[in-house]
Amino acid sequence: MQRAAKCALRLDISRAFCPSNVRNCGAVNRVNGSVSCRRYSVLPPPRDEEEKAMLDSMLRVDHAGEYGANRIYAGQMAVLGRTQTGPLIQHMWDQEKMHLERFNEILGEHRVRPTLLLPLWNIAGFALGACTALLGKEGAMACTVAVEESISEHYNSQIRTLMEADPERYTELLQLIKEFRDDEIEHHDTGLEHDAESVPGYLLLKTAIQAGCKAAIYISQRI
Amino acid sequence: ASPLWLDMAALIRGLRAGRALRGLGGVAVQGTRSTQCSNVRRGFHRAALLRLASDSKSDTSVPPPSYHEVHTAGESSSSSAQGESSEDAQPNTSFQDQSGEHSEDYETEEQLQVRILTAALEFVPQHGWNMEAITAGAETLGLSSASTGMFNNGAGDLVLHFVAQCNAQLTETLAEQNNQVQLGQAESKKTGEFLKDAVEMRLRMLVPYIDTWPQAMSILLLPHNIPDSLKHLSTMVDDIWYYAGDRSTDVNWYTRRAALTGIYNTTELVMVQDSSPDFEETWAFLDNRIKDVVNMANTAKQVQATGEAVVQGLMGAAITKEIY
């Protein structure tokens, strides 16, 4: 009982403050056999090295994806922040910030290594967002459509993997990924509504961005 | 050669072949792969199991004795790791009877190896890190010296076992201290102090073997031992930072671990040639290195804050200029 309360308190504290360097989130450890902490953590305690490696790589690439999406919206805001589309982009950016925060917590709790290429995604994401925004509102929306489509496809394939493996074991994780996937699809649809397709060279732009996203996903899973 | 020697060697070879043929998951090809791969995997498995056990042990109040029986492959390693500290997560292949269950009197090859290596550590100050120590250890357990034939890597196995054991002990102590802090029974330490205490605790475990430690270090640097020793080192550093409270998810994750790895390695080197009473010079060196790293981190933060302030100021000036 006390342990469950402790777990809840720890997770609340970690949500209130910045997750990095908080000393109190210690003992929700990897091989916690106790059932009471299970309810509050998104991942089940890993049963062997292979499962840990698989979950690690999934979370690592998801974290990298949200981080990149964040930077893309930041780039778009830097260019289009003061125009009419500013509030719309800001709204989508806020949702991505929330996703990123959630992944930061999970990574910290479950001791998952973040990808080494984060500084690269930082610069690349910002540059992509800024450059497409320079093409105007339609360019920014086209970039959003392309990226969100890639991300939702990626989340879908993760959902498929987890469902094939063991849906009951990963219920919370599946719920989380489904929720985020639904948000990304919403962003994708918003982009389409706001004249994404009317940018000149839409197909070319979209294909190029999606190829870049696929490469980023592939690398972040490994490095 | 005596018939008993031949029997033992043949039996061990038979077990190995049996394991290779069983084709169990990813480790199926252990027998057919080169011995280094199997040793890397096995050695790290042992370490991982020691860690799993110590992680779970930190939650239970009574550490159980190390050498309980292993159950069938169906049971999860987390529940059985509660009971054993050296259990093999892989299905057992030695001495299975008809039902595939293990009978009470036998243990796995892994467990036996761990027992022999632990016993061998006693003889290291006398013989050094080599097969002689392992042979002496095996003989203390009442086994014939031929049983050391199962250690392909010999000295490497012994050193890696020792490192894994020390790391498991360190993790257990850190987890226990963390529990104390969580329960409010102890004060939490500042990061620098925590790191210093953790590294000192870990290095003190080398003190009984300090005379032969340079030999062990060079064994760890042999090419076929490097993957394993790097894994042990990185897991240890990750553990220390985790219990120090690091939850960073950006490039700091890497810089912090790199810094601590550097500190640990250099302090270890200082320690092996330190002749001061109770290694005072080593701890003073460690203190200074930790202070350096903490200073650098603070300076970096200040530089970043200043940089941001400067940028804000420039933006403000640009906007003001624009208005005019």
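A residue is called buried when its relative accessible area is under 20%, exposed when over 50% and partly exposed in between (1.4 Å probe, protein chains only). The model is predicted, with local features requiring pLDDT of at least 70 and side-chain atom pairs counted only at pLDDT 80 or more, while totals for chains, interfaces and linings use all residues. Residues are numbered from 1 along each chain as its sequence is written, chains are lettered from A and ligands numbered from 1 in the order in which they are written, and side-chain values use heavy atoms, without hydrogens and water.

The "binding site" annotation of an unreviewed UniProt entry covers A:Glu66, A:Glu96, A:His99 and A:Glu184. These residues span 119 residues in sequence, but no two of their C-alpha atoms are more than 10.3 Å apart, so they gather at one spot.

A:Glu96 lies in helix α3 (residues 86-109) of chain A, helices being DSSP runs of H or I with at least four residues, numbered from the N terminus. The relative accessible area of A:Glu96 is 0%, and the residue is therefore buried. Contacts (heavy atoms within 4.5 Å) of A:Glu96 beyond four places in sequence include A:Glu66, A:Glu184 and A:His187. A:Glu66, in helix α2 of chain A, is likewise buried, at 1%.

Helix α2 (residues 49-80) and helix α7 (residues 202-222) of chain A have axes that come within 8 Å and cross at roughly 135°. The contact involves A:Ser57, A:Arg60, A:Val61 and A:Ala64 of α2(A), and A:Ile217, A:Ser220 and A:Gln221 of α7(A).

Terms used: Axes are lines fitted to C-alpha atoms, for helices over the stretch in contact, and angles run from 0 to 180 degrees between N-to-C directions. Helices (H or I, at least four residues) and strands (E, at least two) are DSSP runs, numbered from the N terminus. UniProt positions are given in the numbering used here, feature names are shortened, and annotations may be inferred rather than shown by experiment.
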